[in-house]
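Here's a quick briefing for anyone meeting this structure for the first time. Have a look at the model, then read on.

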Amino acid sequence: MDLMNSLIALHKLDGYIQSIFLAEHTDGFMLLDGCSRPDVSLVISFIEQTLGRKKEDLKLVVVTHMHPDHAGGANLFRKLTGCKLAAANVSGQWYGGVSGTIMHWTDIALAQYVAKRKERPFSRIWYARTLSPDIKLEDGEKIPGFKEWTAHFTQGHTDRDLSLHHISSDRIYIADLIVKVKDKYFPPVPVSYPNRYKRSLEKLRQLGPKEVILAHGAETPIEMIDFDYLLQRAPNEPLTQWKVIWKNIHERLLFNMFKKKDRP
């Protein structure tokens with residue numbers, strides 16, 4: 001434990017489409033994820049106006065994966081505060097190549113759709129599809145400058161997912177490894193690597209922290225999570241956004257077709 005930089009508080013903010021967790025330490029702040037682009041001003045305002053500290057006290061932003069609500073503000077945070085960016089030490093870019101570019105556009109469109117469903121005002125959420133982190137984290141590595149925290153690879157949602165474990169309080173931020181919908185817990189969409197995803201669930205179960213912190217949900221006691229149910233619900237083949245979209249369109253078309261047949 002880095003006694004010179006111990007945790008004062010873990011602040012939770014209501015982000016654009018996800019929860020934001022800001023770790024306040026004696027020597028500075030670590031943001032547990034890169035947020036959505038509209039969240040940058042929210043976080044900086046909270047540091048300066050609510051906590052009365054300087055924006056330059058934000059020392060590190062961890063990017064758990066490259067989706068719009070987890071990486072969208074990362075580069076802007078670095079530009080405005082001088083903070084460093086940390087991400088998993090995985091080769092290549094998640095949104096690399098032509099197919100990656102199309103996937104990036106799709107994910108941004110889906111994020112805008114979620115924002116509309118949450119009745120958020122329209123905001124620009126475009127961000128660079130590539131990331132050059134200052135720190136590349138290995139599985140099980142203590143986070144430089146914030147040694148109370150350990151990074152764990154929990155891949156499956158993408159190929160570079162990270163979870164962040166605060167050892168002394170035994171809480172772990174798992175980003176999108178699990179999502180909460182109407183008081184129930186489900187695998188996320190997409191699950192790009194099903195076998196890795198299942199191994200990550202087992203890893204979380206074996207770590208057995210007291211509390212699990214979700215980007216889409218809330219802080220949850222570990223005993224509230226039914227891992228057997230999640231493993232049962234986890235796909236055996238890659239589950240992409242497009243598969244889910246097509247499934248919903250297909251089901252709606254069938255519903256409307258049978259509804260017309262049932263009309264007198």
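Let's start with a pair of strands: strand 8 (residues 146-153) and strand 9 (residues 162-166) run antiparallel and are joined by 5 bridges. Keep in mind that this is a predicted model, where local features need pLDDT of at least 70, side-chain atom pairs count only at pLDDT 80 or more, and totals for chains, interfaces and linings use all residues. Residues are numbered from 1 along each chain as its sequence is written, and side-chain values use heavy atoms, with hydrogens and water left out.

**The sheet**
- Phe-153 stands opposite Leu-162 in strand 9.
- An open sheet is built from 6 strands in the order 7-8-9-10-13-14, with mixed pairing; strands count as paired if DSSP finds at least two bridges between them.
- Strand 7 (142-143) and strand 14 (219-221) are the edge strands, each pairing on one side only.
- Helices (H or I, at least four residues) and strands (E, at least two) are DSSP runs, numbered from the N terminus.

**Nonpolar cores**
- A nonpolar core is a set of buried Ala, Val, Leu, Ile, Met, Phe, Trp, Tyr and Cys residues joined through side-chain atoms within 4.5 Å.
- Buried means under 20% relative accessible area, exposed over 50%, and partly exposed in between (1.4 Å probe, protein chains only).
- The largest core has 31 residues, and Leu-31, Val-43, Leu-58, Met-66 and Phe-77 touch the most other members.
- Helix 1 gives this core its largest share, 5 residues.
- Apart from that core lies another one of 23 residues, including Trp-149 and Leu-162.
- Leaving aside residues up to four places away in sequence, Leu-31 touches a list of residues that includes Phe-21, Val-43, Leu-58 and Phe-77; contact means heavy atoms within 4.5 Å.

**Aromatic pairs**
- The structure holds 2 aromatic pairs; rings of Phe, Tyr and Trp (its six-membered ring) pair if their centres lie within 6.5 Å, and planes under 30 degrees apart count as stacked, over 60 as edge-to-face and the rest as tilted.
- Phe-21 and Tyr-173 form a tilted pair, because their ring centres are 5.7 Å apart and their planes at 55 degrees.
- Phe-21 sits in strand 2 and Tyr-173 in strand 10, so this pair ties together parts 152 residues apart in sequence.
- Both Phe-21 and Tyr-173 are buried.
- The rings of Phe-186 and Tyr-229 have centres 6.4 Å apart and planes at 65 degrees, so that pair is edge-to-face.

**Cysteines**
- A search of the whole structure turns up 0 disulfides, meaning pairs of cysteine sulfur atoms within 2.5 Å.
- Cys-35 is buried, at 3% relative accessible area.
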